[in-house]
Every structure is written in structure tokens, then in C-alpha cells.
Amino acid sequence: MTKADGNIRLGFNIPNLSIVIDKLKDTDWTIKSDIKETEWGIIAVIQDLDGRKIELKNK
């Protein structure tokens with residue numbers, strides 16, 4: 001099996017970021033950075049089961 005490319009980060013704008021993060025806490029996904037306000041908006045970073053980081057931005 002080939003390891004996932006750790007240099008690529010996907011990003012998605014989603015509604016209800018806090019609800020999504022709460023639901024992910026009960027799964028095998030990893031929350032790398034909980035919800036925080038940045039100069040680019042309100043974001044959180046999660047990690048999928050293959051090790052890829054995914055940035056979720058509140059829509």
C-alpha cells in the first residue's frame with residue numbers, strides 16, 4: 001500500500017462548522033486544530049484516516 005501524500009492539503013467551505021467538528025470527535029478522524037478565527041476566516045483542520053490534512057472553513 002502506498003502512503004498518502006502529506007504535502008497536499010484539501011480545503012472545503014462548509015456550513016455549521018461547529019456541528020461537523022462535534023460529530024467528527026466521535027469518529028476515527030483526528031482533529032489537528034480545533035475551530036479558531038484566523039485572518040482567512042473561521043477554520044479547523046482535521047486529518048483523514050490515510051493521514052491527509054483537510055482544512056474546513058465556516059461558510
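# Aspartate 48 and its surroundings

Q: What makes the pair formed by the backbone nitrogen of glycine 51 and a polar atom of the side chain of aspartate 48 a polar contact?

A: In this predicted model, the backbone nitrogen of glycine 51 lies 2.9 Å from a polar atom of the side chain of aspartate 48. A polar contact needs a pair of N or O atoms within 3.5 Å, one able to donate a hydrogen and the other to accept it, and the 2.9 Å between these two atoms is within that limit, so the pair is called a polar contact. The side chain of aspartate 48 also has a polar atom 2.8 Å from the backbone nitrogen of arginine 52.

Q: How do you know whether glutamine 47 is buried or exposed?

A: Glutamine 47, which lies in strand E3, has a relative accessibility of 19%. The limit for buried is under 20%, so glutamine 47 counts as buried. A polar atom of the side chain of glutamine 47 lies 3.0 Å from the backbone oxygen of glycine 51, and the contacts of glutamine 47 beyond four places in sequence include Trp29, Thr30 and Lys32.

Q: What makes E3 as a whole largely enclosed by the rest of the structure?

A: Of the 7 residues of E3, 5 are buried, and therefore the strand is described as largely enclosed. E3 pairs with E2 in the antiparallel sense over 6 bridges, and with E4, again in the antiparallel sense, over 5 bridges. Valine 45 has a partner on each side, being the bridge partner of serine 33 and standing opposite glutamate 55 in E4.

Q: Why are E3 and E4 called paired strands?

A: Two strands pair if at least two bridges are found between them, and E3 and E4 have 5, so they meet this condition. The hairpin of E3 and E4 has 5 residues between the strands, and within it glycine 51 takes a positive phi near 95 degrees.

Q: What makes isoleucine 31 and valine 45 a contact, and how many residues apart along the chain are they?

A: Isoleucine 31, in strand E2 (residues 30–38), is 14 residues apart from valine 45 along the chain, with their C-alpha atoms separated by 6.2 Å. Contact is judged on heavy atoms within 4.5 Å, and on this basis Val45 is listed among the contacts of isoleucine 31, together with Ile21, Lys25 and Ile46. With a relative accessible area of 27%, isoleucine 31 is partly exposed, because this value falls between the 20% and 50% limits.

Q: How do you know that Asp22, Lys25 and Asp34 are linked in a network?

A: Lysine 25 meets aspartate 22 in a salt bridge of 3.9 Å, N to O, and lysine 25 also meets aspartate 34 in a salt bridge of 3.9 Å. Both distances are within the 4 Å limit, so both pairs count, and Asp22, Lys25 and Asp34 are linked in a network of salt bridges. Aspartate 22, at 45%, is partly exposed, as are lysine 25 at 46% and aspartate 34 at 42%. In the whole structure, 5 salt bridges are found.

How values were computed
Residues numbered from 1 in each chain as written. Predicted model: local features only at pLDDT ≥ 70, side-chain atom pairs only at ≥ 80, totals over all residues. Heavy atoms only, no water. Helix = DSSP H or I, 4+ residues; strand = E, 2+ residues; numbered from the N terminus. Buried < 20%, exposed > 50% of the residue type's maximum accessible area, 1.4 Å probe, protein only. Salt bridge = Lys/Arg side-chain N within 4 Å of Asp/Glu carboxyl O.
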